[in-house]
Amino acid sequence: MLVAPSILSADFGNLAQEVKAICDAGCDLVHVDVMDGHFVPNLTIGPVVVQSVARAATKGLDVHLMVENNTFFVNLFAPLNPEYISFHIEEEKHPHRLIQHIRSLGIKPALVLNPHTPPEAVEFLLSEVDMVLLMSVNPGFGGQSFIPSVLAKARRLRALCDIYNPKCLIEVDGGVNAKNVHDLKAAGVDIVVAGNYVFKHASYQEAIESLHI
Ligand code: DX5
Ligand code: ZN
(Lines give C-alpha, C1' and ligand atoms only; values in the text may rest on other atoms or scores of the structure.)
(Ligands and ions follow the chains in the order given, each with its own letter.)
Protein backbone atom coordinates (compact mmCIF):
# COMPACT_ATOMS: atom_id res chain seq x y z
CA MET A 1 0.00 0.00 0.00
CA LEU A 2 1.32 3.44 -0.95
CA VAL A 3 0.71 6.36 1.44
CA ALA A 4 -0.13 9.96 0.54
CA PRO A 5 -0.48 12.17 3.64
CA SER A 6 -2.94 15.04 3.14
CA ILE A 7 -1.34 18.33 4.18
CA LEU A 8 -4.81 19.68 5.00
CA SER A 9 -4.19 18.44 8.56
CA ALA A 10 -0.63 19.85 8.75
CA ASP A 11 0.42 22.91 10.76
CA PHE A 12 0.19 25.61 8.08
CA GLY A 13 2.35 27.90 10.22
CA ASN A 14 5.21 25.48 9.62
CA LEU A 15 4.19 24.10 6.26
CA ALA A 16 7.65 23.61 4.70
CA GLN A 17 8.89 21.71 7.80
CA GLU A 18 5.73 19.61 7.85
CA VAL A 19 6.15 18.66 4.18
CA LYS A 20 9.84 17.81 4.73
CA ALA A 21 8.90 15.76 7.80
CA ILE A 22 6.38 13.53 5.98
CA CYS A 23 8.79 13.04 3.08
CA ASP A 24 11.61 12.09 5.48
CA ALA A 25 9.15 9.80 7.30
CA GLY A 26 8.76 7.74 4.11
CA CYS A 27 5.53 8.85 2.44
CA ASP A 28 5.11 8.04 -1.26
CA LEU A 29 3.22 11.15 -2.44
CA VAL A 30 2.21 14.49 -0.90
CA HIS A 31 -1.57 14.93 -1.20
CA VAL A 32 -2.66 18.55 -1.77
CA ASP A 33 -6.36 19.39 -1.31
CA VAL A 34 -7.45 22.36 -3.42
CA MET A 35 -10.93 23.66 -2.47
CA ASP A 36 -12.64 26.66 -4.00
CA GLY A 37 -15.56 27.39 -1.62
CA HIS A 38 -18.04 26.52 -4.42
CA PHE A 39 -17.75 22.82 -5.25
CA VAL A 40 -17.16 22.18 -1.54
CA PRO A 41 -18.01 24.37 1.48
CA ASN A 42 -14.36 25.08 2.32
CA LEU A 43 -11.49 27.10 0.89
CA THR A 44 -7.86 26.02 1.02
CA ILE A 45 -4.76 26.92 -0.93
CA GLY A 46 -3.73 28.28 -4.32
CA PRO A 47 -0.59 28.04 -6.45
CA VAL A 48 1.46 30.49 -4.33
CA VAL A 49 1.28 28.20 -1.30
CA VAL A 50 1.50 24.99 -3.33
CA GLN A 51 4.71 26.34 -4.87
CA SER A 52 6.23 26.37 -1.35
CA VAL A 53 4.96 22.82 -0.82
CA ALA A 54 6.56 21.75 -4.11
CA ARG A 55 9.90 23.31 -3.09
CA ALA A 56 9.91 21.50 0.27
CA ALA A 57 8.72 18.13 -1.06
CA THR A 58 11.08 15.34 -2.07
CA LYS A 59 8.11 13.22 -3.23
CA GLY A 60 5.63 13.84 -6.04
CA LEU A 61 2.59 16.04 -5.50
CA ASP A 62 -0.87 14.52 -5.76
CA VAL A 63 -3.12 17.53 -6.42
CA HIS A 64 -6.79 16.81 -5.63
CA LEU A 65 -9.03 19.48 -7.15
CA MET A 66 -12.37 20.06 -5.39
CA VAL A 67 -13.42 23.00 -7.54
CA GLU A 68 -15.73 24.33 -10.20
CA ASN A 69 -13.99 25.34 -13.47
CA ASN A 70 -11.56 22.43 -13.47
CA THR A 71 -9.68 23.53 -16.58
CA PHE A 72 -8.84 26.91 -15.03
CA PHE A 73 -7.36 25.19 -11.97
CA VAL A 74 -5.49 22.57 -14.02
CA ASN A 75 -3.78 25.39 -15.91
CA LEU A 76 -3.04 27.21 -12.64
CA PHE A 77 -1.31 24.22 -11.01
CA ALA A 78 0.32 22.58 -14.05
CA PRO A 79 3.45 24.82 -13.95
CA LEU A 80 4.25 23.35 -10.51
CA ASN A 81 4.77 19.94 -12.17
CA PRO A 82 2.66 17.77 -9.87
CA GLU A 83 2.85 14.03 -10.45
CA TYR A 84 -0.96 13.71 -10.50
CA ILE A 85 -3.86 16.08 -10.96
CA SER A 86 -7.24 14.61 -10.09
CA PHE A 87 -10.63 16.20 -10.72
CA HIS A 88 -14.19 15.26 -9.71
CA ILE A 89 -16.26 13.54 -12.39
CA GLU A 90 -19.40 15.15 -10.87
CA GLU A 91 -18.12 18.61 -11.84
CA GLU A 92 -16.92 18.09 -15.41
CA LYS A 93 -18.96 18.14 -18.62
CA HIS A 94 -16.02 17.02 -20.79
CA PRO A 95 -13.86 14.73 -18.67
CA HIS A 96 -12.33 12.92 -21.65
CA ARG A 97 -11.08 16.20 -23.10
CA LEU A 98 -9.71 17.38 -19.74
CA ILE A 99 -7.87 14.07 -19.22
CA GLN A 100 -6.17 14.52 -22.60
CA HIS A 101 -5.28 18.10 -21.68
CA ILE A 102 -3.70 17.08 -18.34
CA ARG A 103 -1.66 14.39 -20.09
CA SER A 104 -0.53 16.85 -22.77
CA LEU A 105 0.93 18.95 -19.94
CA GLY A 106 3.09 15.98 -18.87
CA ILE A 107 1.01 15.24 -15.74
CA LYS A 108 -0.71 11.97 -14.83
CA PRO A 109 -4.49 12.44 -15.00
CA ALA A 110 -6.79 11.01 -12.33
CA LEU A 111 -10.54 11.00 -11.71
CA VAL A 112 -12.29 11.44 -8.36
CA LEU A 113 -15.65 9.96 -7.35
CA ASN A 114 -17.79 11.27 -4.49
CA PRO A 115 -19.30 8.70 -2.09
CA HIS A 116 -22.55 8.43 -4.12
CA THR A 117 -21.00 8.11 -7.58
CA PRO A 118 -20.90 4.55 -8.98
CA PRO A 119 -17.64 3.24 -10.46
CA GLU A 120 -19.46 2.66 -13.76
CA ALA A 121 -19.56 6.47 -14.17
CA VAL A 122 -15.89 6.29 -15.21
CA GLU A 123 -15.98 2.93 -17.02
CA PHE A 124 -15.30 4.42 -20.46
CA LEU A 125 -12.58 6.75 -19.16
CA LEU A 126 -10.52 4.11 -17.35
CA SER A 127 -8.28 3.39 -20.31
CA GLU A 128 -7.25 7.08 -20.34
CA VAL A 129 -6.22 7.67 -16.70
CA ASP A 130 -3.42 6.61 -14.36
CA MET A 131 -5.52 6.61 -11.19
CA VAL A 132 -9.06 6.79 -9.80
CA LEU A 133 -9.57 8.35 -6.38
CA LEU A 134 -12.58 7.15 -4.38
CA MET A 135 -13.79 9.51 -1.68
CA SER A 136 -14.51 7.70 1.59
CA VAL A 137 -15.88 10.92 3.15
CA ASN A 138 -17.79 13.85 1.69
CA PRO A 139 -15.11 16.19 0.33
CA GLY A 140 -14.43 19.43 2.14
CA PHE A 141 -12.88 18.66 5.51
CA GLY A 142 -10.29 16.49 7.21
CA GLY A 143 -11.04 14.39 10.28
CA GLN A 144 -14.37 12.86 9.15
CA SER A 145 -15.49 9.25 9.61
CA PHE A 146 -14.77 6.62 6.97
CA ILE A 147 -17.81 5.60 4.85
CA PRO A 148 -17.59 1.78 4.59
CA SER A 149 -19.50 1.45 1.29
CA VAL A 150 -16.29 2.55 -0.45
CA LEU A 151 -15.03 -1.02 0.06
CA ALA A 152 -17.67 -2.52 -2.24
CA LYS A 153 -17.07 0.32 -4.69
CA ALA A 154 -13.32 -0.35 -4.74
CA ARG A 155 -13.94 -4.04 -5.52
CA ARG A 156 -16.22 -3.14 -8.43
CA LEU A 157 -13.74 -0.58 -9.70
CA ARG A 158 -10.89 -3.10 -9.48
CA ALA A 159 -12.90 -5.50 -11.65
CA LEU A 160 -13.50 -2.72 -14.21
CA CYS A 161 -9.80 -1.77 -14.18
CA ASP A 162 -8.89 -5.40 -14.82
CA ILE A 163 -10.94 -5.19 -18.03
CA TYR A 164 -10.02 -1.71 -19.29
CA ASN A 165 -6.69 -0.74 -17.70
CA PRO A 166 -5.01 -3.13 -15.27
CA LYS A 167 -2.28 -0.56 -14.53
CA CYS A 168 -4.79 2.02 -13.26
CA LEU A 169 -4.23 2.70 -9.55
CA ILE A 170 -7.04 3.01 -7.03
CA GLU A 171 -6.67 5.61 -4.28
CA VAL A 172 -8.99 6.12 -1.31
CA ASP A 173 -9.30 9.43 0.56
CA GLY A 174 -10.96 10.18 3.90
CA GLY A 175 -11.02 8.70 7.39
CA VAL A 176 -8.24 6.21 6.66
CA ASN A 177 -6.38 4.72 9.62
CA ALA A 178 -4.32 1.67 10.63
CA LYS A 179 -7.52 -0.37 11.18
CA ASN A 180 -9.46 0.14 7.94
CA VAL A 181 -6.32 0.05 5.76
CA HIS A 182 -6.42 -3.76 5.86
CA ASP A 183 -9.95 -3.87 4.42
CA LEU A 184 -8.90 -1.36 1.76
CA LYS A 185 -5.95 -3.53 0.78
CA ALA A 186 -8.23 -6.58 0.53
CA ALA A 187 -10.61 -4.57 -1.70
CA GLY A 188 -7.80 -3.86 -4.19
CA VAL A 189 -6.80 -0.33 -3.19
CA ASP A 190 -3.23 0.77 -4.08
CA ILE A 191 -2.84 4.17 -2.37
CA VAL A 192 -4.36 5.65 0.78
CA VAL A 193 -4.63 9.34 1.58
CA ALA A 194 -4.42 10.07 5.31
CA GLY A 195 -4.64 13.52 6.89
CA ASN A 196 -5.63 13.42 10.52
CA TYR A 197 -4.27 9.95 11.16
CA VAL A 198 -0.72 10.94 10.11
CA PHE A 199 -0.54 14.53 11.33
CA LYS A 200 -2.15 13.89 14.74
CA HIS A 201 0.17 10.94 15.38
CA ALA A 202 3.13 11.50 17.73
CA SER A 203 5.42 9.93 15.11
CA TYR A 204 4.79 10.55 11.40
CA GLN A 205 7.14 7.68 10.61
CA GLU A 206 5.21 5.22 12.78
CA ALA A 207 1.90 6.39 11.32
CA ILE A 208 3.10 6.01 7.72
CA GLU A 209 4.70 2.61 8.46
CA SER A 210 1.41 1.37 9.94
CA LEU A 211 -0.31 2.14 6.60
CA HIS A 212 2.47 0.62 4.49
CA ILE A 213 0.98 -2.87 4.56
C1 DX5 B 1 -11.29 15.77 2.18
C2 DX5 B 1 -9.90 15.69 1.61
C3 DX5 B 1 -9.02 14.70 2.27
C4 DX5 B 1 -8.85 14.90 3.74
C5 DX5 B 1 -8.43 13.61 4.36
O6 DX5 B 1 -12.05 16.61 1.40
O7 DX5 B 1 -9.95 15.35 0.24
O8 DX5 B 1 -7.77 14.59 1.60
O9 DX5 B 1 -7.96 15.91 4.05
O10 DX5 B 1 -8.32 13.83 5.72
P11 DX5 B 1 -8.59 12.69 6.80
O12 DX5 B 1 -7.59 11.61 6.56
O13 DX5 B 1 -8.37 13.43 8.07
O14 DX5 B 1 -10.01 12.21 6.61
ZN1 ZN C 1 -8.06 14.80 -0.84
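The zinc ion (ligand 2) sits in an octahedral site, with angles of 69 to 169° among its 6 donor atoms. Octahedral here means six donors with opposite ones over 155 degrees apart and all others between 65 and 115. This is a predicted model, in which local features need pLDDT of at least 70, side-chain atom pairs count only at pLDDT 80 or more, and totals for chains, interfaces and linings use all residues. Residues are numbered from 1 along each chain as its sequence is written, chains are lettered from A and ligands numbered from 1 in the order written, and side-chain values use heavy atoms, without hydrogens and water.

- The donors (N, O and S atoms within 2.8 Å of the metal, or 3.2 Å for Na, K and Ca) come from His-31 (NE2), Asp-33 (OD), His-64 (ND1) and Asp-173 (OD), at 2.1 to 2.3 Å.
- His-31 belongs to strand β2 (residues 29-35) and Asp-173 to strand β7 (residues 169-173), so this pair ties together parts that are 142 residues apart in sequence. Strands are DSSP runs of E, at least two residues, and helices are runs of H or I, at least four, numbered from the N terminus.

**Helices α1 and α2**
- Helix α1 (residues 15-24) packs against helix α2 (residues 47-56) at an angle of about 40°, with axes 8 Å apart; axes are lines fitted to C-alpha atoms over the stretch in contact, and angles run from 0 to 180 degrees between N-to-C directions.
- In contact (heavy atoms within 4.5 Å) are Leu-15, Ala-16, Val-19 and Lys-20 of α1 with Val-49, Val-53 and Ala-56 of α2.

**Helices α3 and α4**
- Helix α3 (residues 70-77) and helix α4 (residues 95-104) pack at about 5°, with axes 11 Å apart.
- Their contact involves Asn-70, Thr-71, Val-74 and Asn-75 of α3 and Leu-98, His-101 and Ile-102 of α4.

How values were computed:
Four donors count as tetrahedral if all angles lie between 85 and 135 degrees; four count as square planar and six as octahedral if opposite donors are over 155 degrees apart and all others between 65 and 115; anything else is irregular.
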